[in-house]
Amino acid sequence: MAKLSLRREHFMYSYNKFPPQNLTFQIHHYYEILFFTQGDAKYIIDGNEYDANPGDVFITKPNELHSIVFKESSTYERHFVQFDVDFLSALSSSLPERFSSAAEKHKISAADVQKYGIDKFFLSIQDCMIKHPTEFELIIQTHILRMAAAICDCMSVTYELPVTGTTKTQKIKQYINKNFTRNLTLDEIADEVFFNKYYMCHLFKTETGMTIKEYIELLRFMYARKLYAQGKKMSDISSLCGYSDYSLFYKNFTKYSGGKSPKSFFKTNTHDDTST
């Protein structure tokens with residue numbers, strides 16, 4: 001089936017099927033509900049890792065950094081919808097708060113997706129996109145609203161926790177999490193966790209889908225967002241995140257901001273492209 005996409009001011013829908021590719025971390029100012037229908041991958045949301053199996057659903061909140069890491073070369077197929085808070089509040093007075101709370105839990109397993117009929121809403125939207133019935137956009141918005149309500153009902157009862165990884169990987173992360181705001185070397189980390197440096201790097205990459213360097217950069221990017229929200233000056237954020245000079249901070253920041261400078265990134269408020 002060909003790619004499907006509908007983009008409007010307060011919501012959008014996208015369906016696509018394509019070979020796995022190296023997808024960068026994404027961040028946007030909208031809620032996103034992704035229905036993972038084919039592939040073998042891990043989904044990473046603000047540093048938490050989740051196994052992605054066919055039929056699973058993932059929810060990200062505005063300003064949450066997320067990406068997908070493929071384990072194998074099997075075809076990747078997904079649907080997703082994005083919508084802003086105004087979309088929910090215009091249609092319901094209670095749903096925005098309920099959905100915000102539910103979205104913090106991030107993943108619904110395939111079994112629960114079917115149990116609560118969340119998959120059927122995606123398939124109904126897809127069918128609507130293909131057949132274009134009268135008032136099809138209104139019908140799609142209704143499906144999204146009902147889907148959001150079903151997710152709230154589901155996550156008030158059950159949801160799936162992140163993958164913790166092996167004790168060895170947790171040990172590496174724990175040390176990095178405590179020290180990422182200063183200069184860290186692989187040799188230092190390996191000495192502290194009592195691993196061979198090359199074994200440590202291989203293990204971490206295998207289990208998390210990212211290198212140790214990328215993980216440190218990710219933590220610093222998220223910390224920079226937190227510091228900016230606290231009102232810190234951009235000139236101070238660089239050193240507080242552990243960078244020795246602003247140019248290195250700027251270079252690494254743009255890796256996770258879609259090429260935007262720190263200042264322009266925090267002022268941007270646009271939909272992600274459907275290649276997310």
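Start with the second largest pocket, which holds about 310 Å³ of space. Before clicking on, note that this is a predicted model, where local features need pLDDT of at least 70, side-chain atom pairs count only at pLDDT 80 or more, and totals for chains, interfaces and linings use all residues. Residues are numbered from 1 along each chain as its sequence is written, and side-chain values use heavy atoms, with hydrogens and water left out.

A pocket here is an open set of points on a 1 Å grid over the protein atoms alone, with protein on both sides within 12 Å along at least five of seven lines; a cavity is a set where a 1.4 Å probe fits but cannot get out, and lining residues have an atom within 4 Å of a point. Volume is the space filled by probe spheres set on the points, which are joined across faces, edges and corners.

Now select Asn183, Leu184, Lys213, Ile216 and Arg220: of the 15 lining residues, these lie nearest the pocket's centre. Next, colour H7 (186-193), H9 (212-229) and H11 (246-256), the helices that each give two or more residues to this lining. (Helices are DSSP runs of H or I, at least four residues, numbered from the N terminus.) H9 gives the largest share, five residues.

Next stop: the second largest cavity, with about 40 Å³ of space. Select Glu217, Arg220, Phe221, Tyr243, Phe249, Asn252, Phe253 and Tyr256 to see its lining. Which helix supplies the largest share of that lining? H11 does, with four residues.
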